[in-house]
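Visitor: Please take one part of this model and look at it closely. Then follow it out to the rest of the chain, with the cut-offs stated as you go.

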Amino acid sequence: MVKFVVVTGGSVSGLGKGTLASSVGVVLRSCGYRVTAIKIDPYLNVDAGTIAPGEHGEVFVLDDGHEGDLDLGNYERALEVKLTKDHNITTGKIYRKIIQAERNGDYLGATVQMVPHVTDAIQEWIECVAHTICVDGLEEHGAADFCLIEVGGTVGDIESSVYLEALQQFFARLDRKDYCLCHLIYIPQIGSEQKTKCAQHSFKALREAGLAADFILGRAESMLEPCTKRKLSVFSGINDRYVIGLPNVKSSYLVPGLLLSQNFGQLLTSKLDMPYRNPHQVTRFYHGLSPVEVWTRIAEREEALKTVPVTQIGFVAKYIGSNDTYLSVVRGIEHSATECMVNAKLVWIHAECLSDPKHAEYEAEWTKLRSCQGVLVPGGFGQRGAEGMVAACGYARKNRIPFFGICLGMQMACVEGARSLLNIPGAGSEEFGAAGSDRVIVFMPETINKAMGGTMRLGRRATHLCSQTENGTLSLAFKLYDQAVTVDERHRHRYEFNMDFHDRLAEHGYRFIGKDESGQRLEVLEIANHPFFLAVQYHPELTSKPGRPNPCFLAFVLASAGKLNSRFQKYDNTLRPGAEFFI
């Protein structure tokens with residue numbers, strides 16, 4: 001029987017419910033249990049694919065092509081599972097299912113209502129998904145010991161009220177030992193006093209929804225004071241042993257250890273009638289380390305990196321202002337930096353400022369870019385900032401600066417090559433209006449439907465790598481993928497490289513090392529006689545894990561720090577991702 005751990009939030013939004021749920025999962029996995037997760041997003045969108053990254057954060061793409069909330073990425077990285085579209089419930093999905101059933105006559109003429117029809121649909125969805133774990137592409141039904149359910153939004157929101165009602169009904173069907181509710185609240189501090197009034201209102205809203213918390217987790221500037229814990233205990237109606245403090249920490253990787261230090265693992269498993277297994281004594285993962293030990297080691301290495309000389313990486317992008325807009329890319333850099341002990345500092349550069357000398361920030365942004373030892377151009381959509389990305393690609397190519405382009409970054413690298421080396425000043429992307437023989441990047445032929453939602457090339461696809469270049473040396477991609485000839489990575493794009501330019505760019509040293517199964521779609525680009533110039537059409541950040549960085553990111557960070565060649569020599573022309581982390 002799977003046990004359910006539900007995470008809700010109160011007081012204010014943005015408290016880090018996804019980080020908390022992931023950390024709970026790390027604790028449970030460290031106790032030897034198998035954990036899956038469901039994210040409930042109360043918005044009316046069917047998925048996150050059409051939501052602007054600046055508003056909602058990055059779109060995380062799963063193996064099956066689902067475009068989901070960034071917390072799905074948190075779960076995959078923390079739980080070591082592959083989630084599916086069914087692990088992300090949205091109001092848009094629920095309503096679409098209900099309306100289709102009503103149109104089909106499945107309700108036999110009944111008046112369709114929020115209760116019971118919508119709440120029943122939510123419960124059925126949870127029940128169907130909660131038992132399945134997918135590891136390495138294989139679904140195992142009934143394999144999960146625990147299912148984490150994060151309810152997006154804040155208790156008291158109109159949008160989430162139907163989900164709280166559905167959970168109240170769902171809990172009524174279960175034995176009390178089979179579910180647990182963790183409620184995350186914010187404890188502001190005024191002067192030296194921690195205030196609980198916001199939390200009290202949150203408890204009231206939770207009770208009005210027919211729910212009661214089993215654990216109260218208080219976000220605060222510092223550890224909860226004993227008097228604060230007593231107040232929260234009184235107003236929530238639970239023993240103060242189940243009030244857990246979550247003070248601000250230097251790294252989110254410290255949160256699982258923080259939970260364990262307050263006996264959370266033992267309290268949680270006891271409440272759910274499951275044996276508690278000491279994380280330091282259970283079967284080992286990761287070369288002798290438990291998941292919580294891996295996360296703790298990453299935090300320790302992050303701290304140790306502060307004494308290492310800084311390697312600056314220019315992050316040339318358009319959605320500047322929040323780490324969440326490129327969260328997986330940032331995580332990919334972090335995973336790589338801590339694995340090979342490179343103090344990689346991201347320097348955020350506004351792409352749209354690089355192309356217009358009249359822009360007020362033109363010189364300042366170029367000064368920042370010139371100070372960097374590596375250049376990264378991530379994915380994106382729309383014309384804004386594209387010319388600045390082209391300029392950054394050209395700067396890295398001409399000045400032999402390590403370069404890494406992802407999706408749109410790869411496309412702009414091809415555009416820059418066509419303009420500079422093939423003397424085609426109008427070269428560009430069809431997405432931005434390029435026409436005729438100027439179309440270096442074209443609309444994908446099989447993408448007929450131009451509707452926005454779910455119509456791109458999405459999800460896991462195979463890429464075939466050339467092992468050798470034209471002069472017989474091993475290709476960069478072949479070496480960094482541990483000499484694999486086929487790799488699986490996730491995609492999200494509706495435009496691609498125009499193969500009509502293949503031969504002409506190849507004459508200038510552009511090596512098209514990776515292609516899809518048909519051999520007609522470019523996936524990986526390298527440039528000859530360059531210290532490190534790698535561009536990929538897929539999104540390698542989506543498969544990077546703590547302790548096991550994606551090879552593309554690991555190689556780029558090493559190259560930016562001037563350590564790539566010594567790494568290849570050390571491990572006989574392979575990167576061996578994870579090797580340094582465990583030494």
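Guide: Strand 19 (residues 439-443) and strand 22 run antiparallel and are joined by 3 bridges. Strands (E, at least two residues) and helices (H or I, at least four) are DSSP runs, numbered from the N terminus, and two strands pair if DSSP finds at least two bridges between them. Phe-443 has Tyr-495 of strand 22 as its bridge partner.

This is a predicted model, in which local features need pLDDT of at least 70 and side-chain atom pairs count only at pLDDT 80 or more, while totals for chains, interfaces and linings use all residues. Residues are numbered from 1 along each chain as its sequence is written, and side-chain values use heavy atoms, with hydrogens and water left out.

The two strands belong to an open sheet of 3 strands in the order 18-19-22, with mixed pairing. Strand 18 (428-429) and strand 22 (495-497) are the edges; each has a single partner strand, so one side of each lacks a neighbour in the sheet. Helix 15 (residues 408-421) lies across strand 18, strand 19 and strand 22, at about 145° to strand 19. Such angles run from 0 to 180 degrees between N-to-C directions, with axes fitted to C-alpha atoms, for helices over the stretch in contact; contact means heavy atoms within 4.5 Å.

On the scale of the chain, the domain assignment, whose bounds come from an automatic or database source, gives domain 1 (3-297) and domain 2 (308-581). Their centres, taken over C-alpha atoms, are 34 Å apart. The contact involves 27 residues of domain 1 and 26 residues of domain 2. About 2,300 Å² is buried between domain 1 and domain 2, and carbon and sulfur atoms give 54% of it. Val-61, Asp-63 and Arg-77 supply 25% of the area that domain 1 buries against domain 2, more than any other three residues. Buried area is the accessible area (1.4 Å probe) that two parts lose on being put together, summed over both.

A further open sheet has 7 strands in the order 5-2-8-1-9-12-13, with parallel pairing. At its edges are strand 5 (88-90) and strand 13 (243-247), each with a single partner strand, so one side of each has no neighbour in the sheet. On average, neighbouring strands are turned by 20° against each other, direction ignored. Helix 8 (residues 226-236) packs on this sheet, touching strand 9, strand 12 (215-220) and strand 13, with its direction at about 130° to that of strand 13. Helix 10 (residues 264-271) packs on the sheet as well, touching strand 1, strand 9, strand 12 and strand 13, and makes about 155° with the direction of strand 12.

Within that sheet, strand 1 (residues 3-9) has 7 of its 7 residues buried, where buried means under 20% relative accessible area, exposed over 50% and partly exposed in between (1.4 Å probe, protein chains only). Lys-3, Val-5, Val-7 and Gly-9 point one way, and Phe-4, Val-6 and Thr-8 the other way. Strand 1 runs parallel to strand 8 (residues 146-151), with 5 bridges, and Val-5 stands opposite Leu-148. Strand 1 also runs parallel to strand 9 (residues 179-186), with 6 bridges, and there Gly-9 stands opposite Leu-184.

With a disulfide taken as a pair of cysteine sulfur atoms within 2.5 Å, the count is 0.
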